[in-house]
Amino acid sequence: METRKIAGALGAEISGIDLRQKLDASQARAVRQALLEHQVIFLRDQDLTKQQFLDFANAMGTPIEYPFVNGLEGFPQIIEVKKLENERSNFGGIWHSDTTYLEEPPMGSMLLSREIPPYGGDTLFANQYLAYETLSDTMKRLLDGLQGISTSAKADVSRTREDRIKSDGKKEAPQNYIAEHPIVRTHPETGRKSLYVNVAHTAGIKGMSDQESASLLSFLFEHQVKPEFTCRFVWSPNAIAFWDNRCTMHNPINDYHGFRRVMHRITLKGDRPS
């Protein structure tokens, strides 16, 4: 197994592993360690069946179902993330960490590219350790102990789900999830602190008025995606991106109108942020 960084802030490509074969314990530990070190890892040329993709996910954690969209037949933990030729919005097309509106947000997520456009459709990732560590000491003291309020119903992100909910949505899914989490969370494995708010889901700050929280959150939303905190992944066929939702945000770029982009996604169980 070889690891090559793709940017200064975060992200690394891993080679020398064929996921068509189940990982042994040593390989699984090495991949998991690479994730902790680089926050998002990429593996190209992985032409996997749905079962092989699920096997990889099981080696990394515990796959869970997504609350709004049905999984594939026989594989409820795998959802299809797609934008069709006639659609204008892309699924999740805004900076976010996945499903922070859940009481126990996911540890990680992974995408496997099934169909990609001839150009465009890259994904950006942002390092939230750096976003926190570059704040002033005064701002860190201000944020310490504050709780962000996350909701699944913010308008901008809700629009990015509309096409998929129409075609693949769960009829039993509730209209809205709400959860409160620390604005600064401590990673349960690395012990490092990171910002844990995002423009897609964080709607307010507990104990503050809407006007007070809006100003602070607006600053944080802009700060946490500075270019020097990010990397950009250019997709190729049968590529996997696997990221740590506890310290990383992502944003799929919607610049391929008229073309189809189809991914398979698995989300891994996390714990309650602290």
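This is a predicted model: local features need pLDDT of at least 70, side-chain atom pairs count only at pLDDT 80 or more; totals for chains, interfaces and linings use all residues.
Q: Which residue caps the N-terminal end of helix 1?
A: The cap involves the backbone nitrogen of Ser26 and a side-chain oxygen 3.1 Å away. That oxygen belongs to Asp24.

Q: Which elements are included in what covers the buried residues of helix 1?
A: The buried residues of the helix are Ala28, Val31, Arg32, Ala34, Leu35, Leu36 and His38. An α-helix has 3.6 residues a turn, so residues three or four places apart point the same way. The cover over the buried residues of helix 1 includes strand 1, strand 2, strand 3, helix 2 and strand 14.

Q: Which residue in the turn between strand 1 and strand 2 has a positive phi?
A: Strand 1 (residues 2-5) and strand 2 (residues 12-15) run antiparallel and are joined by four bridges; one of the facing pairs sets Lys5 opposite Ala12. The two strands form a hairpin with six residues between them. In the turn, a positive phi of about 100° is found at Gly11.

Q: What is the bridge partner of Ser150 in strand 12?
A: Strand 8 (residues 147-151) pairs with strand 12 in the antiparallel sense, over three bridges. For Ser150, the partner in strand 12 is Thr202.

Q: By how many degrees are neighbouring strands turned against each other on average, direction ignored, in the sheet with the order 13-7-15?
A: This open sheet consists of three strands with antiparallel pairing. Strand 13 (230-233) and strand 15 (248-252) are the edge strands, each pairing on one side only.

Q: In strand 15, what is the bridge partner of Leu124?
A: Strand 7 (residues 123-127) and strand 15 are paired antiparallel over five bridges. The residue of strand 15 that partners Leu124 is Asn251.

Q: Is Ala57 buried or exposed?
A: Ala57 has its place in helix 2. Leaving out residues up to four places away in sequence, Ala57 touches Pro63, Met110, Ile266 and Leu268. Its relative accessible area is 0%, so Ala57 counts as buried.

Q: How many residues apart in sequence are the parts that Arg44 and Glu13 tie together?
A: The side chains of Arg44 and Glu13 meet in a salt bridge, at 3.1 Å from N to O. Arg44 lies in the loop between strand 3 and helix 2, whereas Glu13 lies in strand 2, so the pair ties together parts separated in sequence by 31 residues.

Q: Which relative accessible area does Glu13 have, and is the residue buried or exposed?
A: Arg44, its salt-bridge partner, is partly exposed, with a relative accessible area of 26%. For Glu13 the relative accessible area is 17%, and because this is under 20%, Glu13 is buried.

Q: How many residues apart are Lys269 and Glu104?
A: The side chains of Lys269 and Glu104 form a salt bridge of 2.9 Å, N to O. Lys269 is in the segment after strand 16 (261-268) and Glu104 in the loop between strand 5 (78-83) and strand 6 (108-115). This pair links distant parts of the chain, and the separation is 165 residues.

Q: At what relative accessibility does Arg185 count as buried?
A: Arg185 forms a salt bridge with Asp271, with the closest N and O atoms 3.7 Å apart. The pair links strand 10 (residues 184-186), which holds Arg185, to the segment after strand 16, which holds Asp271. Asp271 is partly exposed at 34%, whereas Arg185 is buried at 1%.

Q: Which residues are linked with Arg32 in a network of salt bridges?
A: A search of the whole structure finds 16 salt bridges. Arg32 is one of the buried residues of helix 1. The network links Arg32 with Glu189, Asp244 and Arg246.

Terms used:
Residues are numbered from 1 along each chain as its sequence is written. Side-chain values use heavy atoms; hydrogens and water are left out. Two strands pair if DSSP finds at least two bridges between them. Buried means under 20% relative accessible area, exposed over 50%, partly exposed in between (1.4 Å probe, protein chains only). Contact means heavy atoms within 4.5 Å. A polar contact is a pair of N or O atoms within 3.5 Å; within protein, one must be able to donate a hydrogen and the other to accept it, and residues adjacent in sequence count only if both atoms are side-chain atoms. A salt bridge is a side-chain nitrogen of Lys or Arg within 4 Å of a carboxyl oxygen of Asp or Glu.
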